[in-house]
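Work through the exercises below with the sequence and the coordinates at hand. Each task is followed by a solution in steps.

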Amino acid sequence: MNEKAVESLPTNFSGFPFAMNLVREKLNEARRVVILTGAGISAESGVPTFRSGGGASVWRGMPFEQLSSAEMVERDLPLVWEWFDYRRGVVGDCKPNAAHRALARWQQSDHFDSFTLVTQNIDGLHAAAGSIDVLELHGNIWRARCDSCGALRDLRAVPPRERPPVCAVCGHAMRPDVVLFGENLQIDVLQRAHERAAECDMCLVVGTSALVYPAASLPEVARAGGAFVVEVNPELTPLSALCHATLRGRAGDILPLLLHDGELND
Ligand code: BJW
Ligand code: ZN
């Protein structure tokens, strides 16, 4: 293990090297792994987090809970588009960081029998790092959806100019393909995440405040199924007490140190 790297991590947790060793051991033994990520994993790429002073919490004087809500889509769809156009402008300049890349390498290494990456993020940075089959619980900021016929439109390839964009299939106004407060998650995506959490032997929870449900219930499901649950986050969360180990630090510093195969890491 790279003890020097561990010592240089920004942490105020005196048991850190012990926790780090334990997590490395467990991860290397684990066969079925579920990773749940949140905004914190993209923070080092420059994507603002929602809470904990991350910068995405207020726009034009409105709290994000109000903007990113089912109610706002009903009331003012053009405003919702403006909000997401602004967010795409920010995310578009961001690149995957060491944490995204580490997870992509773990999946590509075939070290695990089953590797499931579940994210609450809509920024697409896991896929940009090379991860495949990512379960995006809250959708993707780079897609528009027609609520009338279900058609999807890629906003990267040929970004539509009109706001809201018009569905090419049925002519209905499209909306961002993201899951807002008060909206149901896509049932098949949630179900798959739930099943994998129930049967995994290790669950790593990275960079989420664990406040938003049903995403926050996945580590609870994993724990109830007997998994070893680990949190990677510089801050305490409501989930911390449920975890077998907590690594207090930044995802980009910690994740590249976790899997033994030296050549797989940065
Ligand atoms: C670092 C770091 C570094 C920093 N390294 N870490 C049960 C109880 C109570 C309420 C509910 C419940 N079930 C459902 C609800 C209602 C609601 C909910 O959960 N509310 C709670 C907030 C109270 N849930 C819903 O509405 C969901 N739908 C639903 O349940 O449908 C059924 C239903 C229908 C009708 C009525 C009621 C229910 C949908 C939730 C969708 C959430 N969508 C959003 C917005 C997406 C679009 C957008 O981007 O605008 O998703 S909200 C926002 O929060 C976004 C995120 O994915 C989500 C989670 O945030 P996340 O990722 O945890 O980010 P932060 O900022 O909170 O935390 C960052 C963390 O990173 C911090 O801890 C930092 O310390 C850490 N960090 N730097 C590692 N370098
Ligand atoms: Zn349509």
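**Exercises on accessibility, salt bridges, sheet and cores**

Asp-201 is partly exposed, with a relative accessible area of 25%. The model is a predicted one.

**Exercise 1.** Classify Arg-32 by accessibility, and state what its pairing with Asp-201 ties together.

Step 1. The relative accessibility of Arg-32 is 35%. Buried requires under 20% and exposed over 50%, so Arg-32 counts as partly exposed.

Step 2. A salt bridge joins the side chains of Arg-32 and Asp-201, with an N to O distance of 3.9 Å. The cut-off is 4 Å, so the pair qualifies as a salt bridge.

Step 3. Arg-32 belongs to strand β1, while Asp-201 sits in the loop between α9 (187-199) and β9; the pair therefore ties together parts 169 residues apart in sequence.

**Exercise 2.** Which residues are linked with Arg-145 in a network of salt bridges?

Step 1. Begin with one pair: Asp-147 and Arg-145 form a salt bridge at 3.1 Å, N to O. Asp-147 is partly exposed, at 49% relative accessibility.

Step 2. The network links Arg-145 and Asp-147 with Arg-143, Arg-175, Asp-177 and Glu-183.

Step 3. For the whole model, the count of salt bridges is 12.

**Exercise 3.** Give the strand order of the open sheet, and find the strands at its edges.

Step 1. The open sheet has 6 strands with parallel pairing, in the order β5-β4-β1-β9-β10-β11.

Step 2. β5 (135-136) and β11 (245-247) each have a single partner strand, so they stand at the edges and one side of each lacks a neighbour in the sheet.

Step 3. Val-118 has Leu-135 in β5 as its bridge partner.

Step 4. Helix α2 (residues 16-29) packs on this sheet and touches β1 (32-37), β9 (202-206), β10 (228-232) and β11. The directions of α2 and β11 make an angle of about 115 degrees.

**Exercise 4.** Describe the largest nonpolar core and name the element that gives its largest share.

Step 1. This core holds 31 residues; Ile-35, Trp-106, Met-202, Leu-204, Leu-247, Leu-255 and Leu-258 touch the most other members.

Step 2. At least two residues each come from α2, β1, α7 (98-109), β4, β9, β10, β11 and α11 (251-254). The largest share, 5 residues, is that of α2.

Step 3. Leaving out residues up to four places away in sequence, the contacts of Leu-255 include Ile-41, Leu-103, Trp-106, Leu-204 and Val-232.

Step 4. A second, separate core has 27 residues, among them Cys-94, Ile-122, Leu-125 and Ala-151.

**Exercise 5.** Is Thr-208 buried or exposed, and what does its side chain reach?

Step 1. Thr-208 lies in the loop between β9 and α10 (218-224). Its relative accessibility of 8% makes Thr-208 buried.

Step 2. The side chain of Thr-208 reaches the backbone nitrogen of Ala-210 at 3.1 Å.

Step 3. Residues up to four places away in sequence aside, Thr-208 touches Gly-38, Gln-120, Asn-233 and Thr-237.

Definitions and conventions: Residues numbered from 1 in each chain as written. Chains lettered and ligands numbered in written order. Predicted model: local features only at pLDDT ≥ 70, side-chain atom pairs only at ≥ 80, totals over all residues. Heavy atoms only, no water. Pairing = 2+ DSSP bridges. Helix = DSSP H or I, 4+ residues; strand = E, 2+ residues; numbered from the N terminus. Contact = heavy atoms within 4.5 Å. Axes fitted to C-alpha atoms, helices over the stretch in contact; angles between N-to-C directions. Buried < 20%, exposed > 50% of the residue type's maximum accessible area, 1.4 Å probe, protein only. Core = buried A, V, L, I, M, F, W, Y, C linked by side-chain atoms within 4.5 Å. Polar contact = N/O pair within 3.5 Å; in protein donor to acceptor, adjacent residues only side chain to side chain.
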